[in-house]
Amino acid sequence: MTDFSIKTGKMIAIYASVLGVISLAVGLVEILGGWGESIPGDLFGGFVLAVMAVTYLGGVKRASHGRHEGLSFIIGGLFLAGVFGVLYLLMMGADGLMYLLGEAEALPKLADARPAIWIFILSLPLAYRVRSLTTRMTW
């Protein structure tokens, strides 16, 4: 028995698995020391992305079968992506404020955005779709 349509579940599962694989790949690159200037080397940031990836990938199988248990893991991954994406956006905003106050020499570029910000932005369509599935659900 399914909780929602299998077609919708497969679409959500494919999107979540893509986000999970991207998060895992970028997290491993961050853990291993980074890659040029596009992906900085950050041990803890890499572990955060790896945990986010495992959370996304943990719900893929059940979500593809139309089960709400899979959505729980995907919502957890979305929560992690949101928390850390917004955190890094606030850090970029603080750097911009430091520039405006004259404390920094250069304005932070868009290229300085952490990978977690891009993953957060990529996860927004999935968050919208999952939200529409869970509006009338009783947990």
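**Leu 97 and the overall architecture**

Leu 97 lies in helix H4, which covers residues 68-100. Helices here are DSSP runs of H or I with at least four residues, strands are runs of E with at least two, and both are numbered from the N terminus. The structure is a predicted model, in which local features need pLDDT of at least 70 and side-chain atom pairs count only at pLDDT 80 or more, while totals for chains, interfaces and linings use all residues. Residues are numbered from 1 along each chain as its sequence is written, and side-chain values use heavy atoms, with hydrogens and water left out.

The protein contains five helices and zero strands, in the order α-α-α-α-α from the N terminus. Its C-alpha trace spans about 60 × 30 × 20 Å along the principal axes. Among contacts (heavy atoms within 4.5 Å) with a separation of 6 or more, 69% join residues 24 or more positions apart.

Of the 139 residues, 37% count as buried, a class with under 20% relative accessible area; exposed means over 50% and partly exposed in between (1.4 Å probe, protein chains only). Leu 97 counts as partly exposed because its relative accessibility is 48%. The accessible surface of the protein, computed by the Shrake-Rupley method with a 1.4 Å probe, comes to about 8500 Å², and carbon and sulfur atoms account for 69% of this surface.

Leu 97 also belongs to a nonpolar surface patch with Tyr 99, Leu 100, Leu 101 and Leu 107, with about 540 Å² of accessible area together.

Key. Patch = residues over 30% accessible without salt bridge, like charges linked within 9 Å, V, L, I, M, F, W, Y side chains within 5 Å. Salt bridge = Lys/Arg side-chain N within 4 Å of Asp/Glu carboxyl O.
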